[in-house]
Amino acid sequence: MFTLMLATFKVWLHRFTGEEDVVVGAPVSNREPAEVQSLMGYFLNTLPLRTKISGLQSFREILVQVAQAVLGALEHADLPFDEIAELAPLPAAYVRVRELIQAPQSDAADLARLIANDPAL
């Protein structure tokens, strides 16, 4: 069911934004190592799930691609998101938006000004 809903969401994102490379982060509990199973705490990791969507693919083809992405990501669920982000860096424009959104003093006016001044967004 997760894969079906994720594929539907990715198709909607593709149609809404026009982007062919769609990446969605999915949280996963990271309690596989035996030494952390009895510990209390926050062991959540974010897995980036990338799908390349073109207008020529059928939904079934996209669903298969999303299922493969999910299974592949789950094989590496123990790899921290920060390390994944370093291996596959985002374009500078997206990094600036992410940093602005995460900054505690950011507000909607700063974000709107950044988006208006950057044609890559």
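His14 touches Glu19, Glu20, Val22, Ile53, Ser54 and Gly55, not counting residues up to four places away in sequence; contact here means heavy atoms within 4.5 Å. His14 is found in helix H1. Helices (H or I, at least four residues) and strands (E, at least two) are DSSP runs, numbered from the N terminus. His14 counts as buried because its relative accessibility is 13%. Buried means under 20% relative accessible area, exposed over 50%, and partly exposed in between (1.4 Å probe, protein chains only). The model is predicted: local features need pLDDT of at least 70, side-chain atom pairs count only at pLDDT 80 or more, and totals for chains, interfaces and linings use all residues. Residues are numbered from 1 along each chain as its sequence is written, and side-chain values use heavy atoms, with hydrogens and water left out.

Ser54, one of the residues that His14 touches, lies in the loop between E2 and H2. Ser54 counts as partly exposed because its relative accessibility is 27%. Ser54 and Asp21 are 33 residues apart in sequence, yet their C-alpha atoms are 8.8 Å apart in space.

The protein as a whole comes to 5 helices and 2 strands. Along the sequence, these elements follow the pattern α-β-β-α-α-α-α. Buried residues make up 24% of the 121 residues. Among contacts with a separation of 6 or more, 54% join residues 24 or more positions apart.

The largest nonpolar core holds 16 residues, of which Leu6, Leu49 and Val66 touch the most other members. Helix H1 (2–17), strand E1 (21–29), strand E2 and helix H2 (59–75) each supply at least two residues of this core. A nonpolar core is a set of buried Ala, Val, Leu, Ile, Met, Phe, Trp, Tyr and Cys residues joined through side-chain atoms within 4.5 Å. Leaving out residues up to four places away in sequence, Leu49 touches Phe2, Leu6, Lys10, Val22, Val23, Val24, Ala26, Ala69, Val70 and Ala73.

In helix H2, the buried residues are Ile62, Val66, Ala69, Val70 and Ala73. Seen down the axis of H2, these residues fall within an arc of 100°, so they line one face of the helix. The arc is that of the directions from the helix axis to the C-beta atoms. The buried residues of H2 pack against H1 and E2. On the other side of H2, Arg60, Gln68, Leu71 and Glu75 are exposed. The length of H2 also agrees with expectation: at 1.5 Å a residue, its 17 residues should span 24 Å, and its end C-alpha atoms are 24 Å apart. The expected span of a helix is 1.5 Å times one less than its number of residues.

Thr51 has its place in strand E2 (residues 44–52). Thr51 counts as buried because its relative accessibility is 0%. The side chains of Thr51 and Lys10 are joined by a polar contact of 2.7 Å. A polar contact is a pair of N or O atoms within 3.5 Å; within protein, one must be able to donate a hydrogen and the other to accept it, and residues adjacent in sequence count only if both atoms are side-chain atoms. Beyond its neighbours within four places in sequence, Thr51 is in contact with Lys10, Glu20, Asp21, Val22, Gln65 and Val66.

Gln65 lies in helix H2. Gln65 counts as partly exposed because its relative accessibility is 21%. Setting aside neighbours within four places in sequence, Gln65 is in contact with Thr51, Lys52 and Gln57. A polar atom of the Gln65 side chain lies 3.2 Å from the backbone oxygen of Lys52. Gln65 and Ile53 are 12 residues apart in sequence and 9.1 Å apart in space, C-alpha to C-alpha.

Phe81 is found in helix H3 (residues 81–87). At 31% relative accessibility, Phe81 counts as partly exposed. Apart from residues up to four places away in sequence, Phe81 touches Asn45, Thr46 and Pro48. Phe81 and Pro48 are 33 residues apart in sequence, with 7.9 Å between their C-alpha atoms.
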